[in-house]
Amino acid sequence: MSHDPDHLFAKPLPHVPDFVFNEDVVRVFPDMIKRSVPGYPTIVENIGVLAAQFAQPDSCLYDLGCSLGAVTQALRRHVKADNCRVIAVDNSAAMTTRCNEYLHAQDSMFQELLPVSVIEADILTLAFEPASLVALNFTLQFIPPEQRPALLARIRQALLPGGALILSEKLRFEDEQEHALLTDLHIAFKRANGYSELEIAQKRSAIENVMKPDSLETHRQRLLDAGFSKVVPWFQCLNFASLIALP
Ligand SMILES: Nc1ncnc2c1ncn2[C@@H]1O[C@H](C[S@+](CC[C@H]([NH3+])C(=O)[O-])CC(=O)[O-])[C@@H](O)[C@H]1O
Ligand SMILES: O=C(O)C(=O)Cc1ccccc1
């Protein structure tokens with residue numbers, strides 16, 4: 001289980017292909033996400049803390065777009081409710097394979113962890129069981145925008161009273177000046193974490209066709225339209241935020 005430093009975009013590429021969650025990305029993913037997403041470690045750990053407040057006995061906790069299972073591990077560290085299980089889902093086989101290895105390592109280090117199933121599946125077609133907590137930690141932004149409302153409505157349908165959806169996303173800003181400032185500050189964050197101008201530029205063109213951030217206003221209205229009753233932002237660092245949506 002090696003995790004390497006992220007140099008995926010360090011050399012000039014004649015053509016920058018669209019970003020995909022393949023084996024090359026899996027190898028560097030922990031380093032990449034920590035150096036690219038301001039607040040990521042804080043968000044992941046605190047999803048565990050928040051989840052402990054919403055988790056209901058005898059229910060499922062979903063980690064949708066689980067990648068290597070960072071959120072699943074946080075859920076297993078914090079949630080104490082009886083008879084809960086975690087369902088971690090990702091449609092990248094490279095991710096789920098490595099995610100299982102990390103979770104087995106967690107199993108061997110701690111006792112009485114919540115049981116977890118890692119499923120290789122598309123969250124757009126997965127049937128959800130009754131859930132008290134659903135985490136979409138930087139996953140919705142990779143779902144085609146026209147599919148987002150139906151996915152959120154299905155999550156809302158699966159949520160039990162007293163449960164919650166935790167939605168973390170990169171944000172776009174409707175005010176042009178605010179958007180430009182926070183984008184520049186995010187680039188400064190990446191530079192401070194050792195990425196070169198070339199790495200930053202090539203990564204930007206790799207993700208621009210596959211990752212489509214929305215504004216906070218769009219998120220809020222779409223969640224309300226999907227049947228959520230309340231949307232509460234609990235974290236923002238630069239242009240990355242996390243929201244609690246209540247059923
Ligand atoms: N339709 C889909 N079905 C299932 N998985 C999908 C789909 N589309 C994309 N994914 C998966 O969603 C994940 C998004 S990364 C999440 C980080 C993680 N949550 C973390 O807290 O470390 C975010 C990022 O890299 O910025 C990838 O693993 C995709 O394969
Ligand atoms: O790198 C970026 O600019 C991002 O917005 C976040 C990101 C992190 C990891 C994979 C894809 C996108």
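**Close-up views of a predicted model**

View 1. The model is predicted: local features need pLDDT of at least 70 and side-chain atom pairs count only at pLDDT 80 or more, whereas totals for chains, interfaces and linings use all residues. Residues are numbered from 1 along each chain as its sequence is written, chains are lettered from A and ligands numbered from 1 in the order in which they are written, and side-chain values use heavy atoms, with hydrogens and water left out. The residues surrounding ligand 2 (a heavy atom within 4 Å) are Phe19, Met32, Ser36, Val37, Phe142, Lys170, His186, Lys190, Lys203, Ile207, Met211 and Phe240. Helices α1 (23-36), α6 (176-192) and α7 (197-207) each contribute at least two residues of this shell; helices (H or I, at least four residues) and strands (E, at least two) are DSSP runs, numbered from the N terminus.

**View 2. Lysine side chains reach oxygen atoms of ligand 2.** Polar contacts are pairs of N or O atoms within 3.5 Å. A polar side-chain atom of Lys190 is 2.7 Å from an oxygen atom of ligand 2, and for Lys203 the distance is also 2.7 Å. For Lys170 the corresponding distance is 3.0 Å. Of the 320 Å² of accessible area that ligand 2 has on its own, the protein covers 95% (Shrake-Rupley method, 1.4 Å probe).

**View 3. The second largest pocket has a volume of about 370 Å³.** On a 1 Å grid over the protein atoms alone, a pocket is an open set of points where a 1.4 Å probe fits, with protein on both sides within 12 Å along at least five of seven lines; lining residues have an atom within 4 Å of a point. Grid points are joined across faces, edges and corners, and the volume is the space filled by probe spheres set on the points. The lining comprises 16 residues, of which Lys170, Thr183, His186, Arg204 and Ile207 are the closest to the centre of the pocket. Strand β5 (159-172) and helices α6 and α7 each supply at least two lining residues, and the largest share, five residues, belongs to α6. By class, the lining holds six nonpolar, four polar and six charged residues.

**View 4. Ligand 1 is surrounded by 21 residues.** The closest are Tyr40, Gly65, Ser67, Asp90 and Asp122. Tyr40, which lies in helix α2 (residues 40-54), places a polar side-chain atom 2.5 Å from an oxygen atom of ligand 1. A polar side-chain atom of Asp90 lies 2.6 Å from an oxygen atom of ligand 1, while a polar backbone atom of Ile123 is 3.0 Å from a nitrogen atom of the ligand. Ligand 1 taken alone exposes 670 Å², and the protein buries 94% of that area. The shell divides into 12 nonpolar, seven polar and two charged residues.

**View 5. Positions listed by UniProt are placed on the model.** An unreviewed UniProt entry lists Tyr40, Gly65, Cys66, Ser67, Asp90, Asn91, Asp122, Ile123, Asn137 and Arg204 under "binding site". These residues span 165 residues in sequence and their farthest two C-alpha atoms are 25.0 Å apart, so they do not all gather at one spot. Among them, Arg204 is included in the lining of the second largest pocket. UniProt annotations may be inferred rather than shown by experiment.

How values were computed
Polar contact = N/O pair within 3.5 Å; in protein donor to acceptor, adjacent residues only side chain to side chain. Nonpolar A, V, L, I, M, F, W, Y, C, P; charged D, E, K, R; others polar.
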